[in-house]
Amino acid sequence: MKKVDVFEICMKLTGRLTQIPDSQKIFGSMIYHYAERNSDEQAAALARKVREGRLYCAISSMLPQGYIPMPQVDLTGGDTSSPDKIDLKTLHEEQKKRAYIQEKDLKEVMEYPKKIAELYPYVKVKELQQIHAVLDSHQYNLPGLDPNLYSVPEVQVVEVRKDDKDEKECNLRQFVFYMAIENCPEENELYKMLQEAKEEERRFFLGPRASQGMNTYVVGRIEKKKEEKCMGKRYLNMGMLLPDRIDYDRSTLRLFTSERRPYNMSAGWEKSDDRMVISFIEAGSIIFPEIDIFHTGRSVASPFDARAVVFGNAFLYPLFNNEMEG
C-alpha cells in the first residue's frame, strides 16, 4: 500500500471574500507557486503525474479552521414513522444552514441526525452584495459625470454560538485546507514551496478580483498529521470530487455542475458556443469506495487544453463506527 502523508495548511484571509475556494482552485494556485519556485516544466510534469494517476495527491476545499463540511445524512435517521412527528422541512433547513460543523460533533450527526438543530457552534455562509462606485469624471477628466454604480457579490463566513437562548455571530478569517500526498520527491518540493511562501508572506490568489484585494490568503501554520493506522470503509468528501470507482448505491451524493468554456490569455473567457458541462460530487457527500481511496477520485485533461488539468482528487475524511469497522 502507498505511504501517504497528510498535511493541514492554515491560511489567513487578508481581504474580503467573494467565494470559498474549492479544491480545484487550491490545486491550481499550488501548481502556479510550484512553477515559480522550480520551473514550468517541473510543474507540468507534476500535474501530468496527478492526471495520469501515477501520483496520488488529494486536496480539500478551504474550510473554516476547526470545522468540517456538514455531512449529507438521512434526516429521518432510518425512522420514517417517528411518534415525535419531526418537521423534516424544518430539519432540512437547519441542516442547510449549518454549512460546517465541529469535528467533535461528527459522530452525533451521523448517529442522531434529528439532533442537528441542537448543534452549536456551527458555521454558516452569508451571501451579500457590496455596492461599488467608479468615478468616470476622474477617469475621463470630465467633471460633473455621475458615479457609475455596480454591485459585487460577496460572502461572509460566520461562526454561530449560542449563549443561553441568544445566538451570537462572529466573522471568521482563519481557514485551513488538507493535502494527502504519497511520499515522493514532489511531496518534499511542495512542502518547501509552502514553507517559503509562509516565510515570505507570499499571497495566494484564490478567486476573482484579487487585484482589488479580494480572495487573497497567506500561509500560516503547516502541520504534518499522524498517519492513520487503519483505513475506513466510508468517507466524508471534503472537496470537489470527480468520481472514479465508488459504490453509488451506498453513497449519499450531492452534485455540483459547472460550465466550462475556452479561455484566452489576451481576451479572457470566450463567448463561443464551444462549451462543456461537467459535474462534481460536492463536499459533505458520504462516499463508499469500490476499492480504496486511491481509486475513488480522478483528474482529467481539460477539453480545451490538453496540458491543463481538471482536478478531481478530493481529500476524503475517514468515518468510523462499530458497524463499519466490523
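**Reading contacts in a predicted model**

Reader: Let's start with one residue. Which strand does Leu255 lie in?

Author: Leu255 is part of strand S13, which covers residues 255-260. Keep in mind that this is a predicted model.

Reader: Got it. Is Leu255 buried or exposed?

Author: Exposed means over 50% relative accessible area. Leu255 has 56% relative accessibility, so Leu255 counts as exposed.

Reader: And which residues make the nonpolar surface patch?

Author: Leu255 does, together with Tyr248 and Leu253, and the patch is about 300 Å².

Reader: Now rings. How many aromatic pairs does the structure hold?

Author: There are six aromatic pairs. To read one, look at the distance between ring centres and the angle between the planes: under 30 degrees counts as stacked, over 60 as edge-to-face. Take Phe27 and Phe311: their centres are 4.2 Å apart and their planes 10° apart, a stacked pair.

Reader: Where in the chain do Phe27 and Phe311 sit?

Author: Phe27 is in helix H1 (residues 23-37), while Phe311 is in the loop between strand S19 (309-310) and strand S20 (316-319). The pair links distant parts of the chain, 284 residues apart. Both Phe27 and Phe311 are buried.

Reader: What kind of aromatic pair do Phe175 and Tyr217 form?

Author: Those two are edge-to-face, with 6.0 Å from centre to centre and 85° between the planes. Phe175 belongs to strand S9 (residues 174-182) and Tyr217 to strand S11 (residues 216-225), so the pair ties together parts 42 residues apart in sequence.

Reader: Why do Phe175 and Tyr217 count as buried?

Author: Buried means under 20% relative accessible area. Phe175 has 1%, so Phe175 is buried, and Tyr217 is buried too, with 0%.

Reader: Can we look at charges over rings now? Which ring does the charged end of Arg98 sit over?

Author: That's the ring of Tyr122, with the charged end of Arg98 4.1 Å from its centre.

Reader: Next up, salt bridges. How many salt bridges are there?

Author: The idea is that side chains of opposite charge can pair when their charged atoms come close. The count here comes to 22 salt bridges. One of them joins Lys124 and Glu169, whose closest N and O atoms are 2.7 Å apart. This pair links distant parts of the chain: Lys124 is in strand S6 (residues 122-134) and Glu169 in strand S8 (residues 166-171), 45 residues apart.

Reader: Are those two buried or partly exposed?

Author: One of each! Lys124 has a relative accessible area of 17%, so Lys124 is buried. Glu169, with 40%, is partly exposed.

Reader: What does Glu52 meet in a salt bridge?

Author: Glu52 meets Arg51, at 3.7 Å from N to O. Glu52 counts as partly exposed at 42% relative accessibility, and Arg51 counts as partly exposed at 24%.

Methods:
Residues are numbered from 1 along each chain as its sequence is written. This is a predicted model: local features need pLDDT of at least 70, side-chain atom pairs count only at pLDDT 80 or more; totals for chains, interfaces and linings use all residues. Side-chain values use heavy atoms; hydrogens and water are left out. Patches are made of residues with over 30% relative accessible area and no salt bridge: like charges are joined within 9 Å, nonpolar side chains (Val, Leu, Ile, Met, Phe, Trp, Tyr) within 5 Å. Accessible areas come from the Shrake-Rupley method with a 1.4 Å probe; for residues, only the protein chains shown count as cover. A salt bridge is a side-chain nitrogen of Lys or Arg within 4 Å of a carboxyl oxygen of Asp or Glu. Helices (H or I, at least four residues) and strands (E, at least two) are DSSP runs, numbered from the N terminus. Buried means under 20% relative accessible area, exposed over 50%, partly exposed in between (1.4 Å probe, protein chains only). Rings of Phe, Tyr and Trp (its six-membered ring) pair if their centres lie within 6.5 Å; planes under 30 degrees apart count as stacked, over 60 as edge-to-face and the rest as tilted. A charge sits over a ring if NZ of Lys or CZ of Arg is within 6 Å of the ring centre and within 35 degrees of the ring normal.
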